[in-house]
Amino acid sequence: MKRPLEWQIATVSAIKPETANVKTLTLTLPAWLPHRAGQHYDVRLSAPDGYQAQRSYSIASAPERMGEIDLTVERLEDGEVSSYLDDVLVVGDQLEVRGPIGGYFVWEVAQGGPLLLIAGGSGIVPLMAMLRHRAAAGASVSTRLLYSSRTHTDVIYRDELETLRAASTGLEVFHTFTRTQPAGWRGYARRIDTPMLQEVIQPLGPTPLTYICGPTLFVETAANGLAQLGVPASQIRTERFGPTAP
Ligand SMILES: Cc1cc2nc3c(=O)[nH]c(=O)nc-3n(C[C@H](O)[C@H](O)[C@H](O)COP(=O)(O)OP(=O)(O)OC[C@H]3O[C@@H](n4cnc5c(N)ncnc54)[C@H](O)[C@@H]3O)c2cc1C
């Protein structure tokens with residue numbers, strides 16, 4: 001049996017556009033291994049001259065799905081790996097991957113809650129795996145998602161999040177749009193700050209189990225805000241994707 005740190009050749013079995021610059025790749029794995037929500041895979045690209053580039057991508061799909069995984073990739077301007085994955089790759093192509101990796105930024109139903117999930121941009125990906133796992137397990141643990149996007153059309157998994165919210169017990173979803181808002185929008189319209197965090201966490205009590213994922217500055221702002229509100233550091237887990245804030 002393959003181990004998580006051995007490379008294997010996955011086949012791209014589906015590609016789904018999520019937003020103008022985000023796609024979900026479904027990969028079929030010859031040596032599929034069970035994963036926990038929040039874990040990631042490494043992807044390695046190799047050029048004919050031997051040059052290699054390697055990046056990490058969170059698993060978007062629920063652990064309950066077997067044999068294949070979804071990765072959701074945001075194409076960055078001049079991004080070496082993300083632009084290849086989103087612009088060049090087609091169904092049937094092969095991709096070198098290894099995983100699942102990571103044991104800290106993970107959530108399983110047995111860990112309970114209440115659960116606070118805070119996402120900036122593509123930082124929603126591992127949190128979506130947690131929400132999909134929560135739904136697949138039929139859990140009703142109190143959960144609040146605060147999700148920061150530039151605009152309404154940049155929201156990844158928009159319809160599925162609404163479906164999950166409407167169908168699940170105890171799940172609430174809060175969007176904030178930092179650049180432009182749809183006509184008539186009455187929700188948050190600014191970057192995440194401490195008053196916003198206070199409003200969102202209040203019904204969860206003082207010590208929610210918290211997962212924050214997104215660009216580095218975003219994660220630091222959210223984690224510092226929660227610390228100011230008295231959430232113990234031991235309750236906060238963070239994952240940083242990159243340098244800029246949405
Ligand atoms: C554990 C982990 C999980 C991750 N999961 C995901 C995921 O699910 N989906 C996803 O899209 N990405 C994810 N990332 C980020 C991903 O690994 C790459 O960093 C990202 O795709 C950029 O790689 P690139 O080769 O396209 O860009 P590069 O060529 O490395 O960088 C291009 C430019 O973009 C800047 N940059 C690099 N990363 C980011 C970023 N995240 N945001 C803004 N600017 C950046 C660089 O400074 C540079 O200026 C994850 C990162 C980690 C560490």
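Val43 stands opposite Arg55 in strand 4. That strand covers residues 52-58 and pairs with strand 3 (residues 40-46) in the antiparallel sense over seven bridges. Pairing here takes at least two bridges found by DSSP between two strands, and the elements themselves are DSSP runs numbered from the N terminus: helices are H or I with at least four residues, strands are E with at least two. The hairpin of strand 3 and strand 4 has five residues between the strands, and Gly50 takes a positive phi near 100 degrees there. A word on the source: this is a predicted model, where local features need pLDDT of at least 70 and side-chain atom pairs count only at pLDDT 80 or more, while totals for chains, interfaces and linings use all residues. Residues are numbered from 1 along each chain as its sequence is written, and side-chain values use heavy atoms, with hydrogens and water left out.

Strand 3 also runs antiparallel to strand 6, with four bridges joining them; Arg44 stands opposite Glu96 in that pairing. Strand 6 in turn pairs with strand 1 (residues 8-19), again antiparallel and over four bridges, and here Thr11 stands opposite Gln94. How much of strand 3 is buried? Six of its seven residues are, where buried means under 20% relative accessible area, exposed over 50%, and partly exposed in between (1.4 Å probe, protein chains only). Strand 6 has seven of its eight residues buried, so the rest of the structure largely encloses it.

Strand 10 (residues 209-214) pairs with strand 11 in the parallel sense over five bridges, and Ile212 has Thr238 as its bridge partner in strand 11.

## The core

The largest nonpolar core has 30 residues, and Leu145 and Tyr211 have the most contacts inside it. Such a core is a set of buried Ala, Val, Leu, Ile, Met, Phe, Trp, Tyr and Cys residues joined through side-chain atoms within 4.5 Å. Strand 7, helix 2 (124-136), strand 8, helix 3, strand 9 and strand 10 each give two or more residues to this core. Helix 2 gives the most, with seven residues.

## Rings and charges

Searching the whole structure turns up two aromatic pairs. Rings of Phe, Tyr and Trp (its six-membered ring) pair if their centres lie within 6.5 Å; planes under 30 degrees apart count as stacked, over 60 as edge-to-face and the rest as tilted. Phe105 and Tyr211 are edge-to-face, at 5.4 Å centre to centre and 85 degrees between the planes. Phe105 lies in the loop between strand 6 (94-101) and strand 7 while Tyr211 is in strand 10, so their pair ties together parts 106 residues apart in sequence. Phe105 is buried at 4% relative accessibility, and Tyr211 is buried at 0%.

Phe177 and Trp185 make a tilted pair, because their ring centres are 4.6 Å apart with planes at 55 degrees. Phe177 is buried at 1% relative accessibility, whereas Trp185 is partly exposed at 30%. Charges sit over rings too: Arg44 lies over the face of Trp7, at 4.1 Å from the ring centre, and the charged end of Arg132 sits over the ring of Tyr157, 4.8 Å from its centre. The cut-offs are NZ of Lys or CZ of Arg within 6 Å of the ring centre and within 35 degrees of the ring normal.
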